[in-house]
Amino acid sequence: PLFDNVKLERSGKGTTVLTMCRGPVNSLNMELLQDIDNAIKAAEKDSETKALVITSHSPKVFCAGIDLSEMYRPNPERLPKFWKSLQQMWLTLYGTRLPVIAAITGSAPAGGCLIAMGADYRIMSEGKTTIGLNEAEIGITLPDFFLQPMISLVGPRQTELLTTLGILLDTKEALKIGLIDEVVANDQVLPRALEQSVAFGDVIDSARADTKLQIRKPILDRHRNTLDEDIQKFLKAVNSETTQQMFDNYLAKLQARKK
Ligand code: CO8
């Protein structure tokens with residue numbers, strides 16, 4: 001295989017499926033972020049690929065967000081490289097000319113929601129799954145590039161309400177406010193995503209992609225122009241003892257929930 005943490009497969013009819021497969025929950029460490037970035041670039045270069053579906057190997061979890069071990073008592077040399085790989089993956093995903101359908105087979109908190117928001121269309125499985133930006137629950141301030149795509153999808157009011165309270169939405173609520181576009185049975189998520197990808201892939205490419213990027217340009221430019229500022233904020237936050245203590249508490253809470 002080309003990548004350790006993602007599978008990239010043509011599915012016929014011009015769609016390539018990118019499956020995140022970093023068990024158990026696709027938490028985003030540097031290697032997974034780099035693999036997602038490089039896999040999207042590989043799909044872009046493939047002349048047979050007209051659309052991309054992004055999904056998870058797990059029927060329960062789409063992506064658990066950032067791997068907390070990258071930020072908890074971090075390796076100081078790796079930390080900036082890790083964050084750069086997230087910034088870069090985001091530029092590639094949000095800015096790709098390919099139409100991207102997120103086949104959200106399970107929960108998508110925090111960074112998992114970010115990946116879903118990078119897509120052009122979101123299909124999520126019904127059930128006990130949740131999606132949203134819950135960083136406030138941990139006690140960390142959301143980076144600007146997490147907020148902007150949510151504002152663009154659900155508007156400033158809903159974004160402010162949900163992110164300041166750190167709320168994760170169930171699929172019904174997420175659908176109602178437009179954070180996702182469809183809810184289907186778990187085993188129908190991928191088939192529906194493939195169907196929808198063909199609909200996007202069939203539109204005259206230049207018109208579709210140029211229009212998409214025209215809409216996304218202000219957000220992409222804003223991110224490109226503040227990469228350094230964003231990394232400094234991140235390093236300052238993670239390197240503070242207060243943040244580290246909040247991670248202590250949050251990790252204990254996650255463990256306790258399982259008992
Ligand atoms: N990072 C690392 N490990 C994780 C993460 C994670 N994000 N999420 C889960 N795991 C681990 C669990 O600890 C567990 O490990 P073990 O089996 O060794 O105890 C294993 O993965 C399986 O997890 P669960 O048993 O909890 O699996 P469930 O299927 O019951 O639940 C969930 C899956 C819903 C994904 C649940 O694990 C969960 O809620 N995880 C936490 C999600 C979260 O809050 N992520 C936030 C990350 S922060 C972020 O993405 C953005 C931060 C950006 C700003 C930074 C500025 C400072």
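**Exercise 1.** In which crossing, left-handed or right-handed, does α1 pass α3? Determine also how the two helices are oriented and which residues bring them together.

*Solution.* The model is predicted: local features need pLDDT of at least 70, side-chain atom pairs count only at pLDDT 80 or more, and totals for chains, interfaces and linings use all residues. Residues are numbered from 1 along each chain as its sequence is written.

Step 1. Helices (H or I, at least four residues) and strands (E, at least two) are DSSP runs, numbered from the N terminus. Helix α1 covers residues 30-45 and helix α3 residues 78-94; they pack at about 30°, and their axes are 9 Å apart. Axes are lines fitted to C-alpha atoms, for helices over the stretch in contact, and angles run from 0 to 180 degrees between N-to-C directions.

Step 2. α1 and α3 are therefore roughly parallel to each other (angles under 35 degrees count as roughly parallel, over 145 as roughly antiparallel, 65 to 115 as roughly perpendicular and the rest as oblique).

Step 3. The crossing of α1 past α3 is left-handed, that is, the near helix is turned anticlockwise from the far one by less than a right angle.

Step 4. On α1 the contact is made by Met30, Leu33, Gln34, Ile36, Asp37, Ile40 and Lys41; on α3 it is made by Arg78, Lys81, Phe82, Ser85, Leu86, Gln88, Met89, Thr92 and Leu93. Two residues are in contact if their C-beta atoms, placed from the backbone, lie within 7 Å.

**Exercise 2.** Describe the shell around the ligand.

*Solution.* Step 1. Of the 24 residues around the ligand, those that come nearest are Ala64, Gly65, Ile66, Ala110 and Gly111 (a residue is near a molecule if its C-beta atom, placed from the backbone, lies within 6 Å of it).

Step 2. Two or more residues each come from α2 (68-71), α10 (227-238) and α11 (241-258). The largest share, three residues, belongs to α10.

**Exercise 3.** Which strand order does the open sheet of three strands have?

*Solution.* Step 1. The order is β5-β7-β8, with mixed pairing; strands pair if DSSP finds at least two bridges between them.

Step 2. β5 (108-109) and β8 (169-170) stand at the edges with a single partner strand each, so one side of each has no neighbour in the sheet.

Step 3. β5 and β7 (residues 130-132) run parallel and are joined by two bridges. Ala108 stands opposite Ile131 in β7.

**Exercise 4.** Where is the place of Pro24?

*Solution.* Pro24 is in the loop between β2 (15-20) and α1. A cis peptide bond joins Gly23 to Pro24, with omega about -5°.
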